Amino acid sequence: MKRLKDIRLTKVQLGRLLSRKQLNIYNYILGEHVVCVRCNDAAKEGIVVEEITLNYLNDIMVRGTCKICKGKVARIFEFGEDEEFFKRASDFRNSLL
Ligand SMILES: [Zn+2]
């Protein structure tokens, strides 16, 4: 099987891929549950999102900075395991061809 490419997403594109439930999970996690190594804790004031990627597993990878310490943080959302998300992501990839 061919390995899928990593694709950078805009926030709007991400919003179209996520179900309402997934969007809630996404916002909940980014709001105060991303681990910050520098704080040695969760980034309790949330993070500033700098980069959203649809990765080769059709998971969502978010990179950004902790709002408290400005340290780099990253979080993977394993939405690719959700069949419907995987299909939407595949359709999105095809729409780019
Ligand atoms: Zn921090």
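In what sense do S5 and S6 pair, and over how many bridges? They pair in the antiparallel sense, over 6 bridges. Here two strands count as paired if DSSP finds at least two bridges between them. The strands themselves (E, at least two residues) and the helices (H or I, at least four) are DSSP runs, numbered from the N terminus.

Before we walk on, a word about the model. It is a predicted one, in which local features need pLDDT of at least 70 and side-chain atom pairs count only at pLDDT 80 or more, while totals for chains, interfaces and linings use all residues. Residues are numbered from 1 along each chain as its sequence is written, and side-chain values use heavy atoms, with hydrogens and water left out.

Let us start with the sheet. Strands of a sheet pair through backbone hydrogen bonds, either parallel or antiparallel. In this structure, 4 strands make an open sheet in the order S1-S4-S5-S6, and the pairing is antiparallel. S1 and S6 (72-77) are the edge strands, each pairing on one side only. From one strand to the next, the twist averages 30°; axes are lines fitted to C-alpha atoms, for helices over the stretch in contact, and angles run from 0 to 180 degrees between N-to-C directions.

Now follow the sheet from strand to strand. S1 joins S4 (residues 47-54) over 3 antiparallel bridges. Within this pairing, Ile7 has Leu54 as its bridge partner, and Arg8 has Thr53. Leu54 also has a bridge partner in S5, namely Ile60. S4 and S5 are linked over 7 bridges and form a hairpin with 5 residues between them, where Asn58 in the turn has a positive phi of about 60°. The next hairpin, made by S5 and S6, also has 5 residues between its strands, and Lys70 in its turn has a positive phi of about 70°. In this pair, Val62 stands opposite Arg75 of S6.

Two helices lie across the sheet. Helix H2 (residues 20-32) lies across S4, S5 (60-66) and S6, running at about 155° to S6. Helix H3 (residues 83-95) lies across S1, S4 and S5, at about 75° to S4.

Leu9 is buried because its relative accessible area is 8%, and buried means under 20% (exposed is over 50%, partly exposed in between, with a 1.4 Å probe and protein chains only). Beyond its neighbours within four places in sequence, Leu9 is in contact with residues including Leu54, Ile60 and Phe92; contact means heavy atoms within 4.5 Å.

Finally, visit the zinc ion. Its protein donors are the SG atoms of Cys36, Cys39, Cys66 and Cys69, lying 2.2 to 2.4 Å from the ion. Donors are N, O and S atoms within 2.8 Å of the metal (3.2 Å for Na, K and Ca), and water is not among the atoms, so sites may look incomplete. The angles among the 4 donor atoms are 98 to 114°, and the site is tetrahedral, a label given to four donors if all angles lie between 85 and 135 degrees. Along the chain, the donors follow the spacing C-x2-C-x26-C-x2-C. Cys36 lies in strand S2 (residues 35-36) and Cys69 in the loop between S5 and S6, so this pair ties together parts that are 33 residues apart in sequence. Cys66 counts as buried because its relative accessibility is 1%.

How values were computed: Tetrahedral: all angles 85-135°; square planar, octahedral: opposite > 155°, others 65-115°.
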